[in-house]
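Thanks for coming. I will go through one model today, starting with the ligands and then moving to the sheet and the helices.

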Amino acid sequence: MDTILFFVAATLSILQAAIGLSFFVACIRELEARAAIFGAAQFLLMLGLVMAMFYLQATGFFAAGAGFLVLIFGLMIALGILAGLTWPIGSNPKALAGTRGLIVGQVTRVDERDIVFARNRTLRPGSEQYQAYYKLHPEYEQYDAARRKKGGPLGKPGSIDKPQDRPNVAATLASLSIPLHLSTPEKFNPSQHPEFNQQRIELSPRSASSRIKGYTLSIGAKLVGITEINPLWIYAKRGEIFHENWDDWGREIELNHRYAVVFATEMAFELVGTAPHSSTTIASMANYAGGAFIATQLAAYIANLGYSASANHLRHYDAALVPLAVDAGLGETGRLGYLMTKDFGPRVRLGAVTTDLPLIPDNPVDIGVEDFCRICKKCARCCPSNSIPLDDQEAVNGTRRWKLNAETCFDYWGKVGTDCNICMRVCPWSHANTLPHKLIRALITRNRYSRKLFNLMDEIFYGKKPKPKSAPEWARYE
Ligand code: SF4
Ligand code: SF4
């Protein structure tokens, strides 16, 4: 009996040592010196325990009397902790309803013209649209004018790293040019290839969903899901104008598509880790370029099947993508206002294609984000412009959620000349998707006590306000 119990206890301890070692290796790769020390300490401690256990077993200590009681007691504690951290406790039925679970009142569709990016990118002082908009919203005029003086949405690009910023700004702008190339109507709303003679290719919804998802992943997406579009998340009026298409400005957006295929691409961990420096914006823009590339091809694929499709990417949005992504089961919305995915946290960028091709929608997911964010607050504490609420969720336009202050966030972008990304960098869900972090994610997704424990461990291992890391050689900002 004591031999069996000893081997169970030894196996659990060896497993702990192995987790410590793999965590240490992962932290070294991720350049997380402080966390690596804790990983090494865990490994050495457990290794010492395993060696002591084998020594005591050889001396017969566990065979009877006090030694046997120590073995039983130790095993009970270990199994108790294991059960307490793995048992499914703390589910959130509201999350399983997707964005419908957030609705607490009347939701008004957002006018894209009111979005801070649209106002500042699109409106030109002196133009007819400029006059029309600020007549309706005089409260923004002085505020936006002061911003424009600083030099556009990112202020002076890369200014936080001047004068070493130039190569990173060059790379950022190179990627940024791609979504613009793909933002003409024939690209985002493609026609069927003549090869198909205007014939539809008949597919069952199941087969179409499987083909569409497989294709999307094969051309670069990391996550993909399908939702029936809730019309509340379609923008009311067009506010972002490219290619001088001013007739579209302020026009009602009418979308007759029933489904959206929503996808996420992963932002490079080593670049996000440098936020708010100029190297982090390379990751953002490269992902917007990738998103435009994927969405454009996917829309063309669906058009070739004989259905209508519209690509949504940085330079063409018909709808807000975070709520669509939540409804498509890609994740939940976090305190910082971004989509939080299980595998990459907020370290993603989104794209989508809307379509009338009959598909099978996915279900929203409960991955424990709301509970975790209630305890954590790290992004709010680290945000240099205090744009993320420290308080509990509030009712905003008929939905109960945490509301990012996009105006003050955008001001900070102008100040540093990058898209900041500090909140994304410090978020405990943003760690590299390596084995130890996968294990932690699996636990916090299903268990409330794990959320508390790993929240605390994140503070200890990575610090309350982690500093930016050095960039890889090719993207140096120092
Ligand atoms: S991007 Fe920066 S300024 Fe904006 S909310 Fe995140 S941390 Fe704050
Ligand atoms: S940093 Fe913490 S509070 Fe903020 S989004 Fe991430 S988990 Fe939630």
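Let me begin with ligand 1. By class, its shell holds 10 nonpolar residues, two polar ones and no charged ones. Here Ala, Val, Leu, Ile, Met, Phe, Trp, Tyr, Cys and Pro count as nonpolar, Asp, Glu, Lys and Arg as charged, and the others, Gly among them, as polar.

Before going on, the ground rules. This is a predicted model, in which local features need pLDDT of at least 70 and side-chain atom pairs count only at pLDDT 80 or more, while totals for chains, interfaces and linings use all residues. Residues are numbered from 1 along each chain as its sequence is written, chains are lettered from A and ligands numbered from 1 in the order in which they are written, and side-chain values use heavy atoms, with hydrogens and water left out.

Back to ligand 1. The residues around it include Cys383, Cys409, Cys420 and Cys423, and also Tyr412 and Trp413; a residue is near a molecule or strand if one of its heavy atoms lies within 4 Å of it. Helix H16 (406-416) and helix H17 (422-426) each supply at least two residues of this shell, and H16 gives the most, with three. Helices (H or I, at least four residues) and strands (E, at least two) are DSSP runs, numbered from the N terminus.

Now ligand 2. Around ligand 2 we find, among others, Cys373, Cys376, Cys379 and Cys427, together with Arg335, Lys377 and Lys378. The elements that give two or more residues to this shell are helix H14 (369-376) and helix H15 (378-382). H14 has the largest share, three residues. By class, the shell around ligand 2 has nine nonpolar, no polar and three charged residues.

Next, the sheet. It is open, has four strands in the order E1-E2-E6-E3, and its pairing is antiparallel. The edge strands are E1 and E3, each of which pairs on one side only. Two strands pair if DSSP finds at least two bridges between them.

Going across it, E1 and strand E2 (residues 259-266) share six bridges, with Leu223 opposite Ala264 in E2. E2 is joined to E6 by eight bridges; Ala264 stands opposite Leu350 in E6, and Tyr259 opposite Thr355. Strand E3 (residues 309-312) has four bridges to E6, and one of the pairs is Ala311 with Val353.

How many residues of strand E6 (residues 348-355) are buried? Eight of the eight are, so E6 is largely enclosed by the rest of the structure. Buried means under 20% relative accessible area, exposed over 50%, partly exposed in between, with a 1.4 Å probe and protein chains only. In a regular strand the side chains alternate between the two faces of the sheet. In E6, Val348, Leu350, Ala352 and Thr354 point one way, and Arg349, Gly351, Val353 and Thr355 the other way. In strand E1 (residues 223-228), five of the six residues are buried, so E1 too is largely enclosed by the rest of the structure.

Last, the helices. Helix H8 (residues 166-181) and helix H12 (residues 278-304) pack at about 15 degrees, with their axes 8 Å apart. Axes are lines fitted to C-alpha atoms, for helices over the stretch in contact, and angles run from 0 to 180 degrees between N-to-C directions. That makes H8 roughly parallel to H12; angles under 35 degrees count as roughly parallel, over 145 as roughly antiparallel, 65 to 115 as roughly perpendicular and the rest as oblique.
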